[in-house]
Amino acid sequence: MIASTSGSPSPALAEAAAPFPATASAMAARIRDFPWETTPLGPIAKWPSALRLAVDLALASHFPKCLFWGPALISIYNDAYLPLLGAKPDALGRPMAEVWQDTWEQIGPIAERAMAGTSTFIEDYAMRTDRHGYAEEAFFTFCYSPIRDKAGRVVGMIDTVMESTGKVLAERALRQERARLAEMNAALERRVAERTADRDRLWQLTTDLMLVARLDGRIVVVNPAWTAVLGWEEAALVGQDLADLLHPDDRAALGDALQRMAGGLAGCRFDTRLRHRDGGHRWIAWNAVPGEGMVNAGGRDFTAEREQAEALQLAEEQLRQSQKMEAVGQLTGGLAHDFNNMLTGITGSLELLQFRVARGQTDDLGRFIGSAQEAARRAAALTHRLLAFSRRQTLDPKPIDVNRLIAGMTELVERTMGPAIRTELAADPDLWTVLVDPNQLENALLNLCINARDAMPDGGTLRIVTENLRLEGAAARRLELPPGPYLALSVSDSGTGMDPEVARRAFDPFFTTKPLGLGTGLGLSMIYGFVRQSGGQAEIRTTPGQGTTLLLYLPRHQGEAEGASGAEPPADLASPRPARAGTVLVVDDEPTLRMLLRTVLEDLGYTALEAADGAGGLEHLRAEQRIDLLVTDVGLPGGMNGRQMADAGRALRPGLPVLFITGYAESVVIGEGQLEPGMHLMTKPFAMEALAGRIQALLGDGA
């Protein structure tokens, strides 16, 4: 301490020459050592008690305090006050006006009021100060209190300072933030008002149905569109159950949607029919969301679009039906033309045969018999082609080596082409195996070669190519095939080519560019049907004047090819045969065919049993009599087909050989792959000699 409150000199002043104690402040030391004799205050020893007491109070305070004494207002301050001076020169012992000359216009009047005896309080006073090496704005709260001597005269004043920069800046920031928030709120209120106005306009002007309803479906409010779209006024709808306005078939959809939204579903879409005031119904597409115990929904009337879609669908169906009937008409027209020709050949030959026999003329009978047989063979070929086109022909697929099959046909193809056409073969030596009917593939290849020959009337080059390839992505989609490995067999010619319209219709049945009477128009359609039924695809690549390439894509078969096997030789039915030790069961619903089969079997020397349906055949199979072979049609009446009867019979007689005879492919009976061991297949119609040869081979009685 520098002065005591008792009026006697303090130890510091009494011993001015002695150092301050270690606990004394830095400013106390500076005050003690300052040359006060050079100032109007004079030496410390001569300071009045009021001054000493004021200095003691200032040094003891933790608040910034500055003492201004005498007429010159000489400055004395504590350590806490020092930072307020910032970069100012040392102010100790200097007049106040000199220290604060840059702001004296502001604080001078304040000092004068205090020296006149009036305490002055100034809050958040702004000052520019340089405390950190740069000028900055700071704020202070000052309290100027006058100091009086014993006589009551004002001899000085003490300035207690509290810096409020942080508070002022925080309040300023708060005011700015409040102003910003107020501006944002005002802008938000404007936007809300604008959106509310937009919503109100939308609510009033939209042609979509707007609805607020309770979760139980009770209507709370609707917009004017209900009147425009459905004819209902708002007053007539509020309080109604929405389900009462729905078509009876659509109420379940509404109930399900309300239940799901009540259970927490964020929203849902559904379509219903709403009843119009005139009694009709309109299709409405709803988009509904729950909120605050209500359902807010918007509905769009799409009745016109639905009616247009239904009309378009009806028109497309009518167009497809028209195209179908056109195709059927073309098919039946061509079929009737060819069949009538063939039937005329058969019936005419039989009539002439009957007339000649009745008159006892036997010299020309063979010619009429041969003519009828030839017409019947042509009719059989026509039915095979029709079944091939419709993918209903009976196939006997086997794992085959296509290169080996082509090599076996090379001589026939070259002989068919003639000397003016050069034949080339480019075969992949590592060609994959395919599972197809070898006879049908031979017929398809021969037909393609004949078509190529006809496209090169002046000669040219026929090229047959085999290769392995994989169809992926766009290529597989273009050919309507599943991606995977395929064998490609192509036949190319250097002939006339096709225009795009001819190429587009090339696979149609009875479509031909050949002159009348020179083609049935079933060749390519038969090939197309065979390849599609075998799991593949056929494709035509052609350019008018530059030739044609026809490609057959066949799926790869994982397995080894079978070796070549010759067909059974036909039996000679003209010579009588001795009785044989064998019994054959014939099951067919056609009496004429049963009679023919029985006659053939008896001519061969076998015992024949007959049944007209599966139940009758199974009755024979359950009997004790011996049966060495079952010959059955696949399609039988009475609820049991030939395959079912054969399976039951083989269960009773294990290993029983079976020969199926069928007119078309019944895949559910024959299966997608090969028949089981011991089961065989012949396609109707067939020659009796061929049937006899097959029966003899199966019974081990070949000639």
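Modeller: Happy to. Let's start at threonine 583, which is found in strand β18; strands (E, at least two residues) and helices (H or I, at least four) are DSSP runs, numbered from the N terminus. Before going on, please keep in mind that this is a predicted model, where local features need pLDDT of at least 70 and side-chain atom pairs count only at pLDDT 80 or more, while totals for chains, interfaces and linings use all residues. Residues are numbered from 1 along each chain as its sequence is written, and side-chain values use heavy atoms, with hydrogens and water left out.

Threonine 583 is buried, with a relative accessible area of 13% (buried is under 20%, exposed over 50%, partly exposed in between, using a 1.4 Å probe and protein chains only). Setting aside neighbours within four places in sequence, threonine 583 is in contact, meaning heavy atoms within 4.5 Å, with Thr607, Leu609, Arg626, Ile627, Asp628 and Leu629.

The loop between β17 (547-557) and β18 (583-587) holds glycine 559. Glycine 559 is partly exposed, at a relative accessible area of 34%.

Now for the helices. Two packed helices are described by the angle between their axes and the distance between the axes. Here the axes are lines fitted to C-alpha atoms over the stretch in contact, with angles from 0 to 180 degrees between N-to-C directions. The axes of α18 (residues 591-604) and α22 (residues 688-698) come within 11 Å and cross at roughly 55°. That makes α18 oblique to α22 (under 35 degrees is roughly parallel, over 145 roughly antiparallel, 65 to 115 roughly perpendicular, and the rest oblique). In this contact, Leu596, Leu597, Val600, Leu601 and Leu604 of α18 meet Met688, Leu691, Ala692, Ile695 and Gln696 of α22. These residues divide into 9 nonpolar, 1 polar and no charged, where Ala, Val, Leu, Ile, Met, Phe, Trp, Tyr, Cys and Pro count as nonpolar, Asp, Glu, Lys and Arg as charged, and the others, Gly among them, as polar.

Another pair is α19 (residues 614-622) and α20 (residues 642-652), with axes that come within 10 Å and cross at roughly 10°. That makes α19 roughly parallel to α20. Gly614, Gly617, Leu618, Leu621 and Arg622 in α19 meet Met645, Ala648, Gly649 and Leu652 in α20. The contact residues comprise 5 nonpolar, 3 polar and 1 charged.
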